[in-house]
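The sequence and the model come first.

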Amino acid sequence: FDVRTRSNRFLSQEYIARLEKMPPTWRKRYLDGEWGYLNIEAAVYPGFGDIHEMPVTIHPEWRQLRTWDFGRGHPYVGRFQVSPDGQLQAWGEILGKDITLSPFIALESRTFPPLMEGETPSLVEDFCDSTGNQKNSKTDSTDISILEGELGKHVKCRYSYIGEGVTKIQELLLLRKDGTPGLIVDPVRCP
């Protein structure tokens, strides 16, 4: 049984070329098909360092983002804000363990209470993993429909290649013209 990407004759050479540019851990997983524990000391994002870790002050008036990932029994939600000069700031995250989506949404609401002081629902944009469009065999609903029903609002989602996200994060890790990184992460609230 061969699960290497190169053995899939339906994938374009452009897609494979993008995968070949990924960091070593990602190449091993998504190009070579190694899905077990990878004992690789290099970071997935080698550009990430101390300069990216600093306390984040929440500014409710700034653009607020909430990102959802529907891992099987291990959902994730991240909270971000975008500063007026375009810096992405990660200020909170939760990784669920052995929990289904509805209780996880309730956990998110308790952890990040009703939209922080001064934050308004219209300022919070929700984004999610496109796998949320797949029907759940136990409920015959999609994770996105469950999420939208419980949040009472539309959740944005689009299909993208993993490489797109990796490239975007690598770009955000670079220093901007003013010498600050494009991404900072609060080390206490986003361990």
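With a disulfide taken as a pair of cysteine sulfur atoms within 2.5 Å, the count in this predicted model is zero. Cys157 is in no disulfide, as the nearest cysteine sulfur, that of Cys128, lies 4.2 Å away.

Relative accessible area sorts residues into buried (under 20%), exposed (over 50%) and partly exposed (in between), using a 1.4 Å probe and protein chains only.

| Residue | Relative accessibility | Class |
|---|---|---|
| Cys157 | 29% | partly exposed |
| Cys190 | 10% | buried |
| Arg79 | 0% | buried |

Arg79 sits in strand 2, residues 76-82. Its side chain makes a polar contact with the side chain of Glu108 at 3.4 Å; such a contact is a pair of N or O atoms within 3.5 Å, where within protein one must be able to donate a hydrogen and the other to accept it, and residues adjacent in sequence count only if both atoms are side-chain atoms.

The protein has five helices and six strands, in the order α-α-β-β-β-α-β-α-β-α-β along the sequence. These are DSSP runs numbered from the N terminus: helices are H or I with at least four residues, strands E with at least two. Of the 191 residues, 35% are buried. Among contacts (heavy atoms within 4.5 Å) with a separation of 6 or more, 57% join residues 24 or more positions apart.

Residues are numbered from 1 along each chain as its sequence is written, and side-chain values use heavy atoms, with hydrogens and water left out. Local features need pLDDT of at least 70 and side-chain atom pairs count only at pLDDT 80 or more, while totals for chains, interfaces and linings use all residues.
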